[in-house]
Amino acid sequence: MYSIISVASLVLLFSPSLALAQVNGTAYGFATGTTGGGNAVAAAPKDLAYTEAGCYQTGCTPAMGGQIYVGTLSCGGSGMTATTITYDKVGVTPLVVGSKKSIVGVGSAGVIIGKGLHLPGTTGGVIVQNVHITNVNPASFSKMGRMFIVSHYAASRFTVSNTEFDGATTTSATCNGDIYWGTMFNYCHDMLGRSPKLGADSVKTTIQATNNYFYNNLGHDLEIYSGTIALIEGNRFHVVNIPMHDGAESIATIYNVPDVASASACTAILGRACESNVITSSGGTWPSTKSTMSLNTIAALKKYLVTLIMNAGVGKITV
């Protein structure tokens with residue numbers, strides 16, 4: 001079944017709206033061919049305290065802007081203080097999205113508060129556009145507990161674009177106001193680390209990370225693992241501590257365009273020059289990783305590669 005859901009406001013309980021929206025533009029990148037709900041008639045969503053043990057770091061209490069860890073998984077180490085936390089149970093389980101669906105925000109009012117989206121491995125053909133998701137564990141994400149998007153368990157092909165990842169928070173894991181652990185035309189700011197984490201050890205992942213803007217991030221931005229084949233081009237890093245984590249140079253499957261010569265070298269394999277990455281007012285170093293093997297793998301997928309630059313964030317498209 002093809003479905004389109006127009007999101008005007010979802011504040012724990014969905015607030016129905018007569019304003020409806022359709023998908024703007026056509027899916028590109030690795031999501032090429034995705035049609036979402038197609039031309040189905042749009043429908044507004046309908047209406048849809050839990051207390052649990054937890055803990056917090058003794059030196060980073062909630063009063064200091066720290067997080068409370070729900071459950072006992074993170075409470076076994078030293079320096080942790082036991083507590084209880086009461087929260088709305090609606091946020092415990094995500095909204096499960098089926099195949100061939102479009103979830104589209106209306107103007108800048110498309111907000112999901114307190115609940116995330118779950119696309120199972122059996123789900124395909126989904127478009128989420130112009131939606132702000134906040135207070136949960138596109139296109140803007142803000143006030144997360146930890147991770148913005150988790151994709152490596154059952155992902156196939158997808159594109160994350162025109163999205164703002166807002167890491168500013170009043171409940172930081174390290175009491176510094178930034179989220180830890182946070183991708184194309186995206187704006188990532190006020191992050192503490194893993195912004196983003198690309199791949200996992202021994203998990204094969206192919207990524208084009210391009211046209212992203214990283215700003216005011218105190219930890220490391222790109223964290224890349226073995227098994228990841230990555231073309232990293234055309235990104236801007238401004239006022240960040242570490243643009244790419246220290247272990248990247250040991251990974252032989254990354255092409256991060258570290259100099260003018262490597263940008264020109266793409267022409268022979270991709271049929272075009274690669275875009276250089278720009279790093280300003282930042283710490284750390286930009287490693288030199290020029291794996292032609294990764295470029296050859298990417299070349300086989302070049303019909304999915306993107307080069308255009310657009311705006312990131314909710315309310316920036318016409319619907």
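This is a predicted model: local features need pLDDT of at least 70, side-chain atom pairs count only at pLDDT 80 or more; totals for chains, interfaces and linings use all residues.
Reader: Let's start with strand S22. Is it buried or exposed, and how would I tell?

Author: Go residue by residue. Buried means under 20% relative accessible area. In S22, residues 228–233, six of the six residues are buried, so the strand is largely enclosed by the rest of the structure.

Reader: Which residues point which way from S22?

Author: Thr228, Ala230 and Ile232 point one way, while Ile229, Leu231 and Glu233 point the other way. The residues on both sides are buried.

Reader: Which strands pair with S22, and in what sense?

Author: Look at the bridges. Strand S20, residues 205–210, pairs with S22 in the parallel sense, over six bridges. In that pairing, Thr210 stands opposite Glu233. Strand S24, residues 254–255, pairs with S22 in the parallel sense too, over two bridges. There, Ile254 is the bridge partner of Ala230.

Reader: How many salt bridges are there?

Author: The general idea is that side chains of opposite charge can pair when their charged atoms come close. In this model the count comes to two salt bridges. One of them joins Arg272 and Glu233, with the closest N and O atoms 2.7 Å apart. Arg272 lies in the loop between helix H1 (260–270) and strand S25 (278–280), and Glu233 lies in S22, so the pair ties together parts that are 39 residues apart in sequence.

Reader: What is the relative accessible area of Glu233?

Author: Glu233 has a relative accessible area of 1%, so this residue counts as buried.

Reader: And what does Lys290 form a salt bridge with?

Author: Its partner is Asp259, and the closest N and O atoms are 3.5 Å apart. Lys290 sits in the loop between S25 and helix H2 (292–299), and Asp259 in the loop between S24 and H1, so this pair ties together parts that are 31 residues apart in sequence. Lys290 is partly exposed, with a relative accessible area of 43%. Asp259 is partly exposed as well, at 29%.

Reader: Now the cores. Which residues touch the most other members of the largest nonpolar core?

Author: In soluble globular proteins, nonpolar side chains tend to be buried together. Here the largest nonpolar core has 16 residues, and Leu222, Ile224, Ile232 and Met244 touch the most other members. S20, S21, S22 and strand S23 (236–244) each supply at least two residues of this core. There is also a second, separate core of eleven residues, including Tyr255, Val257, Ala263 and Leu305.

Reader: What is Met244 in contact with?

Author: Set aside the neighbours within four places in sequence. Met244 is then in contact with Leu222, Ile224 and Ile232, and also with Asn256, Thr285, Trp286 and Pro287.

Reader: Where is Thr123 found?

Author: Thr123 is in the loop between strand S11 (117–118) and strand S12 (127–129). With a relative accessible area of 18%, Thr123 is buried. A polar atom of the Thr123 side chain lies 2.8 Å from the backbone oxygen of Val97. Beyond its neighbours within four places in sequence, Thr123 is in contact with Val97, Gly98 and Ser99.

Note on methods: Residues are numbered from 1 along each chain as its sequence is written. Side-chain values use heavy atoms; hydrogens and water are left out. Buried means under 20% relative accessible area, exposed over 50%, partly exposed in between (1.4 Å probe, protein chains only). Helices (H or I, at least four residues) and strands (E, at least two) are DSSP runs, numbered from the N terminus. Two strands pair if DSSP finds at least two bridges between them. A salt bridge is a side-chain nitrogen of Lys or Arg within 4 Å of a carboxyl oxygen of Asp or Glu. A polar contact is a pair of N or O atoms within 3.5 Å; within protein, one must be able to donate a hydrogen and the other to accept it, and residues adjacent in sequence count only if both atoms are side-chain atoms. Contact means heavy atoms within 4.5 Å. A nonpolar core is a set of buried Ala, Val, Leu, Ile, Met, Phe, Trp, Tyr and Cys residues joined through side-chain atoms within 4.5 Å.
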